[in-house]
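Reader: I have not seen this structure before. Please take me through its strands and its aromatic rings.

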Amino acid sequence: GQPALAGGFCLGDPVYFVGRTQTFISGARAERGARGEVVGASRSLSPVGLAVRFPGNKESIDCYLTSLSHTPPWQPQPMPPLLQKMWC
């Protein structure tokens, strides 16, 4: 096997971006809930980040470990429609 990267992640691991949606100077975008793939160690954030490639981006993005998860972020469920008036 291969050695684990920061945070115990491995090359090719699927990850979800759980930080705040961001657009970078390069035009690359990381949207909350986006599923990406670990492509290596972060050049600028090592040892507290990883390089991740998200769909729609030409290049990988360096992400803090705190912005990555193996599971999608919790999404609030829409509120149920208000109950109809039950009494007069």
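**Strands and an aromatic pair**

Author: F17 is buried, with a relative accessible area of 2%; buried means under 20%, exposed over 50% and partly exposed in between, with a 1.4 Å probe and protein chains only. This is a predicted model, where local features need pLDDT of at least 70, side-chain atom pairs count only at pLDDT 80 or more, and totals for chains, interfaces and linings use all residues. Residues are numbered from 1 along each chain as its sequence is written, and side-chain values use heavy atoms, with hydrogens and water left out.

Reader: How is the aromatic pair of F17 and F54 described: stacked, tilted or edge-to-face?

Author: Rings of Phe, Tyr and Trp (its six-membered ring) pair if their centres lie within 6.5 Å; planes under 30 degrees apart count as stacked, over 60 as edge-to-face and the rest as tilted. A search of the whole structure finds one such pair. The centres of F17 and F54 are 6.0 Å apart and the planes stand at 85°, so the pair is edge-to-face.

Reader: How many residues apart are F17 and F54?

Author: Strands are DSSP runs (E, at least two residues), numbered from the N terminus. F17 belongs to strand β1 (residues 14–17), while F54 sits in the loop between β5 (49–53) and β6 (61–64); the separation is 37 residues.

Reader: Which strands stand at the edges of the sheet?

Author: Two strands pair if DSSP finds at least two bridges between them. Five strands form an open antiparallel sheet in the order β6-β5-β4-β1-β7. A single partner strand is found for each edge strand, so one side is left without a neighbour in the sheet; these are β6 and β7 (68–69).

Note on methods
Helices (H or I, at least four residues) and strands (E, at least two) are DSSP runs, numbered from the N terminus.
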